[in-house]
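Dear colleague,

I am passing on the structure we spoke about, and I would be glad if you could look through it with the notes below at hand.

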Amino acid sequence: MKFIYVDESGGLKGDFNYFNISLLVFNDEKELKKLKNTIKRFRRGKYRKQLKNVKEIKAYKSDEKLIKDLLKNLNRMEIEVYSIYYNNKKDPLKNYSVNEIYQFLILELLKLSKLNNTPSNLFIDKFLPKTLEKNLQAI
C-alpha cells in the first residue's frame with residue numbers, strides 16, 4: 001500500500017507562467033506522519049513567528065534557512081517525488097475549468113509515475129474541492 005500526498009504550486013489563472021503538481025509517495029503511513037509532524041514542529045518551534053499567520057509554507061516567500069531545514073528533513077524520509085509542470089503560456093487546456101485541469105494533470109502524473117494501478121491512499125492538499133477529490137479517490 002502506497003500513501004500519496006498531492007500538492008500544487010503556482011496557479012492556472014492570473015500572473016503565473018507555470019503550474020506544478022507533485023506527488024510525494026510514501027511506502028508506509030509512518031513516513032507520511034513524519035512529514036506532517038515535521039511541519040507541526042516547524043510551526044510550533046523555531047519558525048513559530050515566521051509561520052504564525054501562514055496557512056501554507058511557500059518557498060518563494062519563506063526564509064532560506066527554513067526551506068533548507070525543511071528539505072533536510074524531507075531528505076531523511078523514505079519518499080519518492082514525482083512532478084509535472086504545466087506551461088500556462090501555451091495553455092492547450094484553456095477551454096477546460098481549473099478543476100478539470102487539476103484532475104487531468106493529477107491523473108497524467110499518476111500514469112507517468114506508474115502509480116495509477118497501485119493500491120494507495122491519496123491525500124490531496126486543500127486546492128481541490130471535495131467532489132473532485134472523491135472522484136480521484138475512486139480511480
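The notes that follow go from the overall fold to the sheet, then to one helix and one lysine.

Please keep in mind throughout that this is a predicted model. The protein holds four helices and four strands, and from the N terminus on these elements follow one another as β-β-α-α-β-α-β-α. Of the 139 residues in the protein, 37% are buried. Among the contacts with a separation of 6 or more, 65% are between residues 24 or more positions apart.

The sheet comes next. Its four strands form an open sheet in the order E3-E2-E1-E4, and the pairing is mixed. At the edges are strand E3, residues 80-87, and strand E4, residues 120-124, each of which pairs on one side only. Averaged over the sheet and with direction ignored, neighbouring strands are turned by 20° against each other.

Taking the pairs one by one, strand E2, which covers residues 18-26, is joined to E3 by eight bridges, and the two run antiparallel; within this pair, Val25 has Glu80 of E3 as its bridge partner. E1 and E2 are also paired in the antiparallel sense, over eight bridges, and here Ser9 stands opposite Asn20 in E2. The pairing of E1 with E4, by contrast, is parallel and extends over five bridges, with Ile4 standing opposite Leu122 in E4. As a reminder of what holds such an arrangement together, strands of a sheet pair through backbone hydrogen bonds, whether parallel or antiparallel.

Helix H1, residues 29-44, packs on this sheet, where it touches strand E1 (2-10), E2 and E4, and its direction makes about 130° with that of E2.

Which residues of H1 are buried? They are Glu31, Leu32, Leu35, Thr38 and Phe42. Seen down the axis of H1, these buried residues fall within an arc of 115°, and therefore they line one face of the helix. The cover over the buried residues of H1 includes E1, E2, E4 and helix H2 (64-75), whereas on the other side of H1 Lys30 and Arg44 are exposed. At the N-terminal end, H1 is capped by Asp28, which has a side-chain oxygen 3.0 Å from the backbone nitrogen of Lys30.

Finally, I would draw your attention to Lys2, a residue of strand E1. Is the residue Lys2 buried or exposed? Its relative accessible area is 18%, and because the cut-off for a buried residue is under 20%, Lys2 counts as buried. The side chain of Lys2 makes a polar contact with the side chain of Asn27, at 2.6 Å. Leaving aside residues up to four places away in sequence, Lys2 touches Val25, Phe26, Asn27, Glu80, Thr118, Pro119, Ser120 and Asn121.

With kind regards

Key. Residues numbered from 1 in each chain as written. Predicted model: local features only at pLDDT ≥ 70, side-chain atom pairs only at ≥ 80, totals over all residues. Heavy atoms only, no water. Pairing = 2+ DSSP bridges. Axes fitted to C-alpha atoms, helices over the stretch in contact; angles between N-to-C directions. Contact = heavy atoms within 4.5 Å. Buried < 20%, exposed > 50% of the residue type's maximum accessible area, 1.4 Å probe, protein only. Arc of directions from axis to C-beta. Polar contact = N/O pair within 3.5 Å; in protein donor to acceptor, adjacent residues only side chain to side chain.
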